Structures are given as structure tokens and as C-alpha cells.
2 protein chains.
Amino acid sequence: MPVNSFENYPMTWRPSKTQLKSPLYMSIANLLEYDIVNGYLAPNTKLPPQRELADYLDINLSTITRAFKICELKGLIYAQTGKGTFVSPNFGLEISIVDSTIENQNYIDMGLIKPFDDFNLVTAEAIKKLSDKGCLENLLNYSYPIGSPYHKMTAMKWLKNFNLSVKADNVAITSGSQNSVTLTLISLFGAGDKIAVDMYTYPNFIELANMLNIKLIPIKGDAFGMNPEDLDVQCKLNSIQGIYLTPSCNNPSAILMNMQRKEEIARIIKKNKLILIEDDIFSFIAPRHYLPISYFVPEQSIYICSVSKSLCSGIRVAFLYFADKFSANIIRGIHTTTIKTPALNVEVVAELINTGLAEKIVSDKLIIAKERNEIYKKYFKINNENENPLSFYRWLPLDQKYDANEFEKLALKHGIRIYHSNRFLVANLEEKQFLRVSLSSCLDSNELEKGLKILKDILYDTTYYKNNNSLII
Amino acid sequence: MPVNSFENYPMTWRPSKTQLKSPLYMSIANLLEYDIVNGYLAPNTKLPPQRELADYLDINLSTITRAFKICELKGLIYAQTGKGTFVSPNFGLEISIVDSTIENQNYIDMGLIKPFDDFNLVTAEAIKKLSDKGCLENLLNYSYPIGSPYHKMTAMKWLKNFNLSVKADNVAITSGSQNSVTLTLISLFGAGDKIAVDMYTYPNFIELANMLNIKLIPIKGDAFGMNPEDLDVQCKLNSIQGIYLTPSCNNPSAILMNMQRKEEIARIIKKNKLILIEDDIFSFIAPRHYLPISYFVPEQSIYICSVSKSLCSGIRVAFLYFADKFSANIIRGIHTTTIKTPALNVEVVAELINTGLAEKIVSDKLIIAKERNEIYKKYFKINNENENPLSFYRWLPLDQKYDANEFEKLALKHGIRIYHSNRFLVANLEEKQFLRVSLSSCLDSNELEKGLKILKDILYDTTYYKNNNSLII
DNA sequence: TCATTTGTTGCTCAACATTTC
DNA sequence: AGAAATGTTGAGCAACAAATG
């Protein structure tokens, strides 16, 4: 029998005792998952303390712990010793950001980060030129699963632009950055492992970690990006195995990490023997002389440089640097996730890079990025001077607390798609709210201007939400 | 103190007590992994009973169980209640079968299954035609991550050839069959889950499962393929969640599962609520009227049809059918592993399929496959009448017991690459040994004939191995 | 500063199931 | 058929660690 009577005791979550089956821990985990997924438990709800639940259900404390652990690794809840256990902030939202609504788009897209798709014409041209050259049949077999000598050479050349000089033995061709991250996590991590990330993190990475039951440890940040002291502290507390960083232009905060901070972070990485996963998809909008973090910890790093944002998104090619000691595992991971990246696609990218077209695309994109940012600054000021001035999106602080879901819906109703910061939260330790405003997915500058105007009205013209009680919280 | 003295007691594995650190279970798992990976414990070695080890180390039985579980999920060992725990049979061999030795190839390849790469000329032609048509830029963006309407339609058309009629809502385009299996396992299974497989299974699947810590349960087979009774028995014992099958031409056993066996297996799948992963990469060499197993259990199936063997290996495209209830998870898995399959590549495949070139490639390949099999039959007879007569490889029973590693080395020394059945073993419950003899990777029929001659000599001319003491075991 | 609240972790225990003889 | 050997599983216990006030 329970020690206390819980009949009139308030509990935010009260699993039905009659529904409990053996095994108990599994049964509890399933009930909790059901209630979160179906919205009976709102994001950020504090769950009862484990001891209280154990007492209420008249079972051992560690049985609750085990049940909670299952849900935590799925990303449904997060727990903090001394504080309690909470429902994850982003579960109500469809976390992954994917373009499934291409048809009948009747809004201005400031949600997705499309990388100025007009430039795909240049890539299309390159394909045509290639196919006129002939010899395509040699690109259509199983040979060179991690990249032909020519393709690796091209990768090395491209990486050198971003100040990473590597040997051919440490380079592989992969199918874009998402595939790179997937194979890295599968190859070098296991379920239950922990990876440090920014408080606000790229949702596709969060979702991948959730699917693989890898626990993300959010690290506090400041104006310069991830805070090295907090990283060090969390490493001591948590036995963290890896760290995921996007230093050239953090997604979503747009912070460009300066060299001093990069070195500090590298020092902590070294000290704690972390595996660094450096996703440098925005390397091309960083200052030319900036060095990647991997430069400082080459022997414990995976560096990923996708061409999706810089050159062409749909071609699905990335270059991956791996430290010597990861070689066997990474090669096995490539083999296991994709067998190989189609050499046809790599050849297209190589054509762009080796003819100089790639440099041209990049410099032209930078000009447009600058223009779009000028437009943005006509409506909002840039919040943090450390943000990348050429970022394809901006990180707009909100003055009031909104219900994330309601806000996005309201914006869509008024013709703009935009993402609230909750989508990027690993755990809700941050009080501040933001919007990520994409500048690169609109058809043109006029549309962007129209969208920004609507956004400003929604934020500052009170008539927009006065009839919406649940919007502001 | 231990209850018994172990000083003079024989134990196949004796972890050093002084090296044990806390946590004990982790420490023990690491020691065991080290000794297996470094060859101190040979494949198939029987480990001491868990109770004995616990007694020896003076710790609790379940601590050993936990340590063993970690290694078992990595595929290093396998355990059987009542019998004992054994080192996995295939760990000494480089399990994944990958073409990394393309340079300086000075042997006849009867190892890999290359799908008659000369036909890549047809695909190359199709690419040229496509690029002349123009409009490629629309294939180079983030749109339609699971496949455009046209590409899905093409997928449905192709699947219909193999008697699977599906709705557009249940089809996705993926990046080849390995990618399909990866995303399926990530989306629908978790670490510790169990999947039933044939006793001899495609090594890439074994390796993937090992990396994801999914446990494979080998099911006994007979001349017709997987045995339904044993499947049912194992399901009852093991709480198995899924099953992986390649019924049109099992890899490596070449068995073509007949319709009766398919229906029996389907019945067991239904009864035990398994998720069926049907990898039908060889559907095009099955009889025209054969139905896939998924036809009988459409509501709990994932059906994968890659074009790598039928049309072109390096283009990396597969079509995937998923049951309604898996829809959200599978779409999320596609997004999480690759974002999307490059539409350029899908367009190439669609061009082949919709112009009729695909049918032509397939029928031409069947003719060559038949020829190659005729040649094979000049040297060896086909062992099992249920094997697919058009298989790209044959499954040759060995009369003697060889050391797998030594045999492959000897063959290579004499100019042929060939794979021993141990590479395909999940657990060594089978006494019989085989060779998988690829017929499709040689340059031409002459080379194949040369290779088969060498193989026959190695097997029956004793001078080939009389000086090799460790070859026969 | 210290006690209280709350989550974490590794190990032990006991009941159970299968295989073998 | 039944006993012994062997692996499996869920739950409980206790020491520990962080956050809070």
C-alpha cells in the first residue's frame, strides 16, 4: 500500500494504476509517451518527482527512473537533478523542417532556408556540359565507395578554401550533411551516449539524435556562441562523448563564432576528449581567414562541408574529413548507410569546382545575401553584433511571451511562414523567445519586403492578436 | 571471496581481476570486446558460463549478463539459454563486402555481385538524352523530399511489374536498398529490438544491425528457404519485432521462395505481428507471376525494390512501399537520413522505365545470367532445385571443413576472389560450409570459366592445399 | 553553509525459461 | 520424465550528486 494517500493530492501526471501491466517500467513509459504525443501533457509541464510517483504507484523508485529514461532518450522529456522532470518544449510542433507543402503555396516562405535556388541553372548547365563530354558510364558502378581519386582531390581543394588542409586518406564523399551526420552518429556513437549541443540547435539534428536514442546536453551560450565554461562543467557532470557545432553561422542563432571562442572551445574539447562533429555548411559565408575548430583538434574531429547551401541543394553531396582513428568506423558507416554517394552527382559538383563556376556562384550568392540583409535591417535591427552579417536567416528576439504554436499559426493566417524558437530548443532552460526569419526562400526581394512588413505588423500592431486569447502567454 | 578456487580450473576466457574498474559491467564488456577484436578469442569459442565468471570474479550473476548483453548487441557474441555463450563466427573476417580494391586488381572477381556493369552504357545514354531535353534545374532543389508525383507514378509502375499495386501515398523514393533498410531500422526499431533473419544473411544487413545494436535472431531454413515453424517458435521465445527477407533470390543461398512458402511465412508474420522488411532487389529474376510476401501482409510491411541490380548500381535509387501506419515514421526517417534522394538520379531511372529501356536492360541481363549459369553447370551442379536458376551467384556446398579465412586467402593466391559462408553467418548453428560464387562480376564468360576452373582445382586437386596445415579443420 | 528535494547509477536478488543429459 | 546447467528478465536497494533555499 502507498505510504500516503494521494486522493486529493495534486499531480500534474497521474498514470492509471489499473492500466499498469508487467513489465512495469515499460508500461509506465508507454503511458507517458501516449499522454505527451496526444497532447494530454503540454510542453514544459513539470512531472511529479520520481519518488512521488513511485510512492503513488507503490513501486520502487528506480522503476520510475527507468521508465523516464526511455522517454528521455526519445526526446519526449528532459530531467534535471534537483529540479525535476519536464515535458520537452518542442514536441507539440512538427519538429523536422521539411518542404512537404510545395503545392498550393499561398504564403511567403520565411521558414525554410532555401539557398537561392535560381543558381541551380548554373548546375543544370554543368550537367549538360558533362553529359556532352561522355564517359558517364564509368560513374555508374560500385567503384570507389568513398570517392574516386579525382573526386577526393576535388574535395581537398574545396576544403582548402575554408582553411582545412587534409590528406586524401582522411576524406570521404557523402550524400549531403544530413547523411554525414547520420553516418557519423551511427558509426561513432551508441544509444544512451551524450552529445553536447547549443541550447538552440538545428532541429534535424535533434530529431536524428532522438531517433537514435542519443541524449543531447544543451550548453549555455552567450553573444559569442557556446560558452566554454559551461561546456566544461557539463562534461564533468555528464560523461559526454561528443559535441555538435555549426560555427560559421549557427542555425538558428546566426552567430559566427570568432577565432578566440573557437580556440577556447577546442581546448575544452581536447581536455574532455570529445568527438567534435563540425557541421560547416555555411563556411562559404565566413570570413576568408577564419579557421575551422577542427583545425585545432584534427585528431578528434569529423568536419562536414556540404555543398547544399553554397552550390546546389538537390545534388546531395558533401565532403567529410575524419580523423585517422575514426577511419575504419566512418568508412563502415558510409557503406552501411548508403553504400556510396552516386559518382554522377559528385562529378557535377567537381565540374562546378574545377571550372571556377563554384567560386562564381558563391560570390554571387554573397551579394544577394548582403542585399537581403539590408532589406531586413530596414525593418528590424540585428540583435547581436556577433551574428554573421551575411546569414541567410536572422534571429529576432521577441518582446513578449507568445504561445509558439499559436504564433506560427497566426503568422501563416496572415501570409507568412515563420518558425518560433521553441522548434530549436533541446530543453527549455532559456526564458527568451525568438523567431528565425529566413531571408533566402522568398522568390525575390519584393516578396521578402512584403513578408517583413507583415511580420512587423503582427509584432507591433496590437489589432493583429487582440482577439486571440491564447496567443500571448 | 570466491566460493571455489579457480587457479587450476580451465576457462576459455579469464578476465584479469586487476584490470576491473568500476563500473564493473562496462569494464568486463570492454575487456571481452578487446579480446575478440584482437583475435585472442577465436570465432566460435565457447565462453565460460555466466555463473562461473560471476563466481570467479566474485560479483553478481546479472552483472555478467549485462556485460555480455552489450557485446551481444554489437554482434561480437551470441548466447543460447541452456547451451552457453559463443564468440560470433564472422568477426575475424572483414564482414562488409565492399569494393575497395579496385586498383591493381590481379584476380578474377567471384566475390562481389556486380550487376553486369556494361549496361551502364544504356543509362549513360539516357542521362545524355535527359540533359539535352533541359529543365534540369527543377530537379536540383529541396522540393518533394519523398518523390515528385511523376517519380512516384514511375515507382508505382515499376512495382506493378512485380505484382505490387500500391497507392501514391504509400510510396517513397529512397537512395538505394541499403539506405532504405537503414532508414527503416532507424524509423521503426530501436536498440535492443530483435529481428528474425535467415541463418545465412546478407552481410551488409548484419553489419547495419550490429551498428544499431539490433539483435538478429537466426531462423532455421530448409530447401525452400526460411522455415515457418522455427520462425513461429522463435517468435514465441524471443518477442521478435521484425523480419528481414529477400525471397526472390536469397543472398547468399540463391533460394527462390515459392508461393506456398511465402504464404506460410506471411501467416506467421501476421500471427506474430512482425514488421516485414522485404528486400526485393532481385525481383526482376523471379517468375513473372510470383507475388511478393508483402502482398499477403500489406498492412505490416516495408517493401524495398532497388534498381541497383536490375538497371544500374551507381545511380543509387530504390522504390519503397510502406504500410499506412508506418507513414509518418518512414517519412521522418527519410528526412533524417538523407533529406531526400537527388531528383536528378530518379529522373534518370524514370527515363529508363518510361521509355521501355528498363525492360530491355532486364531482358538482356536475364539472357546473360542464363549463359553464365550454363557455364557454372559445366563445372559444378546446382545443389538445390529451389535456387533461382537465373541467380547472379551460386551457393556451393563444401565437402570438407575449411578454415574460412585460410580458404579465401588460398583462393586469392591462386587468382580468384571468393567468399566463404562464414561471412554470412549470424550465429554458428549450422555445420555445413559453402562458398558464394559470383557469376556476374567477371569481365566476360571466358574469365568466369577460367575462375571456375581454378576453383574446381582448389577443391579437388589435393596438391593445392597439401602444404597448408591450417586450411582444413 | 547545510539540509532538503530530486534525479542517477551500479549492483544485487529472485523468479523464470530453455537446453541437455 | 526430471534434474542440472545455462541464459533472461524485471524489480529493488543503497550510495551518490546536483539544485534549491
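This is a predicted model: local features need pLDDT of at least 70, side-chain atom pairs count only at pLDDT 80 or more; totals for chains, interfaces and linings use all residues.
Residues count from 1 along each chain as its sequence is written, and chains are lettered from A in the order in which they are written. Local features need pLDDT of at least 70, side-chain atom pairs count only at pLDDT 80 or more, and totals for chains, interfaces and linings use all residues, while side-chain values use heavy atoms, without hydrogens or water.

Let's start with the sheet in chain A. Seven strands line up in the order E5-E13-E12-E11-E10-E6-E7, making an open sheet with mixed pairing. Strands here are DSSP runs of E with at least two residues, helices are runs of H or I with at least four, and both are numbered from the N terminus; two strands pair if DSSP finds at least two bridges between them. At the edges of the sheet sit E5 (171-174) and E7 (215-219) of chain A, each pairing on one side only. For a look inside, take E10 (residues 242-245) and E11 (residues 275-279) of chain A: they run parallel, joined by 4 bridges. Tyr244(A), for instance, has Ile277(A) in E11(A) as its bridge partner.

Now the cysteines. With a disulfide taken as two cysteine sulfur atoms within 2.5 Å, the count over all chains is 0. Cys135(A) has its nearest cysteine sulfur 15 Å away, in Cys312(B). Cys135(A) is exposed at 54%, whereas Cys249(B) is buried at 2%.

On to DNA strand D. It is surrounded by 25 residues, counting those with a heavy atom within 4 Å, and among the closest are Leu24(A), Asn60(A), Arg66(A) and Arg51(B). H3(B) gives the largest share of this surface, with 4 residues. On the DNA side, 60% of the atoms within 4 Å of the protein belong to sugar or phosphate, and the rest to bases.

Arg66(A) puts a polar side-chain atom 2.6 Å from a base nitrogen of DNA strand D. Gln50(B) instead has a polar backbone atom 2.6 Å from a phosphate oxygen of DNA strand D.

Note on methods: Buried means under 20% relative accessible area, exposed over 50%, partly exposed in between (1.4 Å probe, protein chains only). A polar contact is a pair of N or O atoms within 3.5 Å; within protein, one must be able to donate a hydrogen and the other to accept it, and residues adjacent in sequence count only if both atoms are side-chain atoms.
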